[in-house]
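Biologist: I have a few "how do you know" questions for you today. Could you put the model up so that we can look together?

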Amino acid sequence: MSELIQLGSQNERPRPPRPEEVEMRFSDKAIHELEALKTHYPDWKSCILPALWIAQREYEGMLTGPALAEVAIRLKRSYAEIEGVATFYSMYNTQHNPGKHKIEVCTCLTCAVCGGYRIIDLLKKKLGVEAGEVTSDGMFMIEEVECLNACDRAPLIQVGDQYYGPVDETSLDQLLSDLRASKESTVVKMADEIVQVHIMETEKA
């Protein structure tokens with residue numbers, strides 16, 4: 001016999017935060033940047049993408065429900081619209097915490113032939129996590145990605161805004177060591193650098 005579908009709160013879908021429940025976390029710098037960006041476009045809807053990069057930086061690398069809600073409130077758009085845009089693009093971290101350093105490993109044809117899957121296996125072994133998981137110290141996440149468009153450097157990985165390739169076990173060990181020693185989150189740094197590209201020099205706080 002099939003199970004009855006439980007009606008009521010047990011199967012209730014998660015709801016977006018109400019505006020009064022959202023703790024606005026944008027810094028003064030972020031607010032200044034967003035106000036400048038609004039003047040670049042014919043309407044506020046057009047600056048959703050750069051606004052999401054600001055939010056990804058301000059919320060330490062991840063677009064949580066409150067982060068999406070803050071963007072929606074500041075741009076006077078619906079939560080559903082902002083969530084729809086953010087979840088459409090894989091460059092925004094909406095599904096899981098990316099850790100301090102997200103290691104993206106290309107496994108498209110050229111990288112696969114040149115050892116991309118071996119690189120993923122090495123990372124899994126060295127970090128003790130599967131692809132899509134974050135290490136227990138919050139330092140690293142491994143992600144398998146589509147073509148990074150640098151086939152001449154296969155097998156290739158991306159960390160923040162930097163490409164590394166061709167990588168082997170020795171260069172991988174050195175990179176992991178350097179990242180562990182770094183105080184800066186490459187996830188947050190990349191979000192900030194993308195925001196800065198959108199802001200004119202005269203508009204920077």
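Modeller: Happy to, and do keep in mind that this model is predicted. Let's start with helix H8: the cover over its buried residues includes helix H1 (28-38), H2, strand S1 (101-106), strand S3 (157-159) and helix H7 (169-181).

Biologist: Which residues of H8 are buried?

Modeller: They are Thr-186, Val-187, Ala-191, Val-195 and Gln-196.

Biologist: What span does H8 reach, and what is expected?

Modeller: H8 (residues 186-198) has 13 residues and reaches 19 Å from its first C-alpha to its last, close to the 18 Å expected at 1.5 Å a residue.

Biologist: What makes Glu-104 count as buried or exposed?

Modeller: Glu-104, in strand S1, has 14% relative accessibility. Buried means under 20%, so Glu-104 counts as buried. Leaving out residues up to four places away in sequence, Glu-104 touches Glu-143, Val-145, Leu-148, Leu-156, Ile-157 and Gln-158. Glu-104 and Val-159 are 55 residues apart in sequence, with their C-alpha atoms 6.3 Å apart in space.

Biologist: And how do you know whether Glu-143 is buried?

Modeller: By the cut-off of under 20%, Glu-143 counts as buried because its relative accessibility is 17%. Glu-143 lies in strand S2 (residues 140-145). Its contacts, apart from neighbours within four places in sequence, are His-96, Lys-102, Ile-103, Glu-104 and Val-105.

Biologist: What about Glu-60: why does it count as exposed?

Modeller: Exposed means over 50%, and Glu-60 is at 62% relative accessibility, so it counts as exposed. Glu-60 sits in the loop between H2 and H3; its phi is near 60°, a positive value in a residue other than glycine.

Biologist: Which peptide bonds are cis?

Modeller: One joins Ala-154 and Pro-155, with omega about -5°, and Pro-155 is in the loop between S2 and S3. Another cis bond runs from Gly-165 to Pro-166, with omega near -5°; Pro-166 is in the loop between strand S4 (162-164) and H7.

Definitions and conventions
Residues are numbered from 1 along each chain as its sequence is written. This is a predicted model: local features need pLDDT of at least 70, side-chain atom pairs count only at pLDDT 80 or more; totals for chains, interfaces and linings use all residues. Side-chain values use heavy atoms; hydrogens and water are left out. Helices (H or I, at least four residues) and strands (E, at least two) are DSSP runs, numbered from the N terminus. Buried means under 20% relative accessible area, exposed over 50%, partly exposed in between (1.4 Å probe, protein chains only). Contact means heavy atoms within 4.5 Å. The expected span of a helix is 1.5 Å times one less than its number of residues.
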